[in-house]
Amino acid sequence: MQYAVGPVLWYWPTPTLEEFYQQAARSSAEIIYLGEAVCSKRRATPYGRWIEMARDVAASGKQVVLSTLALLQSPSELKELQRYVENGEFLIEANDIGTVNMAAERRLPFVAGPTLNVYNADTLQLLVREGMTRWCMPVEMSRDWLLQLLEQCETRGIRQQFEVEVMGYGHLPLALSARCFTARSENRAKDDCETCCINYPTGRRVSSQEGQPVFVLNGIQTMSGYCYNLGNDLAGMREWVDCVRLSPQDTTTLAEIDRFRANENGQAPLMVAKGCDCNGYWRKLAGMTLAS
């Protein structure tokens with residue numbers, strides 16, 4: 001089983017990103033995703049610098065994947081997207097169907113990201129035909145749903161044509177909106193947001209009236225209040241999952257990779273806590289549930 005460091009979904013300054021990816025290059029992960037996948041207004045790190053960081057990571061022997069926006073809203077964003085798709089060096093992660101079309105037109109392979117909302121074998125077969133080489137399933141899918149879907153792919157003869165990736169750690173990206181929730185929380189209009197999300201390097205927490213963490217605001221993205229953690233569910237997925245993705249929360253996330261790897265057979269259970277961690281979606285339960 002391989003491990004991937006997902007794209008940094010938070011808005012971090014360029015020096016912070018550079019330091020993080022230097023550490024990621026030294027980590028035990030086999031795959032590193034990088035690039036802005038949330039909001040096009042986050043321009044502190046330009047395209048050229050992302051490519052430089054990608055080259056530095058690739059020099060360490062990792063597979064590098066450039067992640068792209070999950071919500072495209074303007075012609076300028078399509079133009080910028082084209083630069084990523086046509087980078088000529090690295091595989092891309094398509095998080096919007098428009099990115100899939102752009103890659104397919106150029107006969108370029110791609111990773112299908114979790115925001116593509118793929119829930120059936122018909123769609124997977126279409127994406128394979130368009131050039132998909134790896135599929136990261138939607139975060140709310142259960143183990144049983146995934147297994148049934150892969151059995152359908154086996155029947156169709158396409159299962160061996162793509163890898164399966166599961167997000168196994170991090171606050172879950174649940175929804176995207178044209179509105180910016182972080183700006184709204186500061187009584188700002190989106191057009192005058194001043195990219196205030198950069199002031200919240202791990203998002204802005206939203207709790208219920210009872211004090212329960214419900215959501216995390218991350219610009220235009222709403223994330224789960226609890227941290228998804230499938231570190232104790234690895235033994236049940238080894239035979240049919242090729243890659244487990246860990247979404248960066250901060251630099252300590254890289255250490256989780258080694259803990260996950262040590263527990264692939266259930267020999268070194270991870271410490272998880274109710275009120276902080278969850279695995280409900282995977283277990284076909286309410287998302288905020290932590291089942292043992």
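This is a predicted model: local features need pLDDT of at least 70, side-chain atom pairs count only at pLDDT 80 or more; totals for chains, interfaces and linings use all residues.
**Entry 1: T195**

T195 sits in the loop that runs between α7 (181–185) and β8 (204–207). I then checked its backbone. Phi of T195 is near 40°, a positive value, and the residue is not glycine. I noted the background: most residues other than glycine have a negative phi.

**Entry 2: N117**

I went on to N117. Which loop holds N117? I found N117 in the loop between β5 (110–112) and α5 (121–130). Its phi is near 60°, again positive in a residue other than glycine.

**Entry 3: α3 and α4**

Next I turned to a helix pair. I took α3 (residues 75–85) and α4 (residues 97–105). Their axes come within 11 Å. At what angle do the axes of α3 and α4 cross? I read roughly 50°. The crossing of the two helices is right-handed.

I listed the residues that make the contact. From α3 come L78, L81, Q82 and V85. From α4 come T99, M102 and A103. What kinds of residue meet in the contact of α3 with α4? I sorted them into five nonpolar and two polar. No charged residue takes part in this contact.

Note on methods. Residues are numbered from 1 along each chain as its sequence is written. Side-chain values use heavy atoms; hydrogens and water are left out. Helices (H or I, at least four residues) and strands (E, at least two) are DSSP runs, numbered from the N terminus. Axes are lines fitted to C-alpha atoms, for helices over the stretch in contact, and angles run from 0 to 180 degrees between N-to-C directions. A crossing is left-handed if the near helix is turned anticlockwise from the far one by less than a right angle, and right-handed if clockwise. Contact means heavy atoms within 4.5 Å. Ala, Val, Leu, Ile, Met, Phe, Trp, Tyr, Cys and Pro count as nonpolar, Asp, Glu, Lys and Arg as charged, and the others, Gly among them, as polar.
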